[in-house]
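Thanks for sending this one over. Here are my notes, in the order I would go through them with you on screen.

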Amino acid sequence: MLPSKEFFEGVALKKCITATYNRMQVTLAPHILYTRHDEMHVDAVTLERDGQPPREVKLGTFKLSGLKDVTVEERQFEPYEVFDANAEKYQDTTLLVVET
């Protein structure tokens, strides 16, 4: 089963998500859920990788099927300032977007 329920909750309530991605524990701030090539994706800011902050803060794309052991955290986040929900890649594919 895909972890979409947790990501819908994370985006809607601006809650961080922890998951395993490429054998690393990541904490994400999910900003938008959308489809691409008939698969669900989330664009999210990585807040931690294996307990360490990333070298640079940026919005990354994650295929939901690649995220395992997904948990919604109580920790909330503020939307990333440069996030653009109107970007062309999201046109006609957006399922849910964080409110700014």
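**Notes on the predicted model**

1. Let me start with contacts, bearing in mind that this is a predicted model. Of the contacts in the chain between residues at least 6 apart in sequence, 56% join residues at least 24 apart.

2. The secondary structure amounts to 1 helix and 6 strands, and along the sequence they follow the pattern α-β-β-β-β-β-β. The chain has a radius of gyration of 12 Å, close to the 13 Å that the globule rule gives for 100 residues, so it is as compact as a globular protein of that length. Along the principal axes, its C-alpha atoms fill a box of roughly 35 × 30 × 25 Å.

3. Helix 1 spans residues 4-13, and its buried residues are Ser4, Glu6, Phe7, Gly10 and Val11. Because these residues cover an arc of only 155 degrees around the axis, they lie on the same side of helix 1. Lys5 and Ala12, on the other side of the helix, are exposed.

4. What do the buried residues of helix 1 pack against? Their partners are strand 1 (15-21), strand 2 (24-36), strand 3 (39-49), strand 5 (67-76) and strand 6 (94-97).

5. Finally, burial, surface and charge. Buried residues account for 39% of the 100 residues in the chain. The accessible surface is about 6300 Å², with 46% of it belonging to carbon and sulfur atoms. The chain carries 12 positive and 17 negative charges, and their mean positions are 6 Å apart.

Terms used: Residues are numbered from 1 along each chain as its sequence is written. This is a predicted model: local features need pLDDT of at least 70, side-chain atom pairs count only at pLDDT 80 or more; totals for chains, interfaces and linings use all residues. Side-chain values use heavy atoms; hydrogens and water are left out. Buried means under 20% relative accessible area, exposed over 50%, partly exposed in between (1.4 Å probe, protein chains only). Helices (H or I, at least four residues) and strands (E, at least two) are DSSP runs, numbered from the N terminus. The arc is that of the directions from the helix axis to the C-beta atoms. Contact means heavy atoms within 4.5 Å. The radius of gyration is taken over C-alpha atoms; the globule rule is 2.2 Å times the number of residues to the power 0.38. Accessible areas come from the Shrake-Rupley method with a 1.4 Å probe; for residues, only the protein chains shown count as cover. Lys and Arg count as positive and Asp and Glu as negative; His and the chain ends are not counted. The place of a charge is taken as NZ of Lys, CZ of Arg, CG of Asp or CD of Glu.
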